[in-house]
Amino acid sequence: QELQLSRSLPEFEGIPADRWWKEVFSLTVASGKPRFPCLEKVISTLLVLPYNQASVERMFSLVRKNSTEFRPNLTSHATAAILSCKVNCDEPSYKFIPPKSLIRAAKVATRKYNQEHTSV
């Protein structure tokens, strides 16, 4: 019979799952056709799915920590920029030393904002 599963399947122990499945997908029947023609597509789809939601949960946690009651007017653009820095920067933010030109520009923008929004 072609489907004697107890025989001719590769040993699983000690090899990564993707290599084991590659060996299973290469199995053929006597006629040379793939032994499991539909299984490769199913398993290939399953192997790309994350096995947990840790990265998603981590991102929601970062959003919660940055969008607090102390920052009620933070725009989605600003939140995305903060998250991008936190996720993509190798060093922690407290080690960042901004260039003097950036500090000057921030002070000018703050002064301008405060002048425009100060009630007289």
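**A look at helix H4**

Mentor: Thr79 sits in helix H4, where helices are DSSP runs of H or I with at least four residues, numbered from the N terminus. The model is predicted, so local features need pLDDT of at least 70 and side-chain atom pairs count only at pLDDT 80 or more, while totals for chains, interfaces and linings use all residues. Residues are numbered from 1 along each chain as its sequence is written, and side-chain values use heavy atoms, with hydrogens and water left out.

Thr79 is buried, because its relative accessible area is 11% (buried means under 20%, exposed over 50%, partly exposed in between, with a 1.4 Å probe and protein chains only). Apart from neighbours within four places in sequence, Thr79 is in contact with Ser67 and Leu74; contact means heavy atoms within 4.5 Å.

Arg71 is in the loop between helix H3 (54–66) and helix H4 (76–88). With a relative accessible area of 38%, Arg71 is partly exposed. Together with Arg64, Lys65 and Lys86, Arg71 forms a positive surface patch. Patch residues have over 30% relative accessible area (Shrake-Rupley method, 1.4 Å probe, only the protein chains shown counting as cover) and no salt bridge, with like charges joined within 9 Å and nonpolar side chains (Val, Leu, Ile, Met, Phe, Trp, Tyr) within 5 Å. A salt bridge is a side-chain nitrogen of Lys or Arg within 4 Å of a carboxyl oxygen of Asp or Glu. Lys and Arg count as positive, and their charges are placed at NZ of Lys and CZ of Arg.

Conventions
Helix = DSSP H or I, 4+ residues; strand = E, 2+ residues; numbered from the N terminus.
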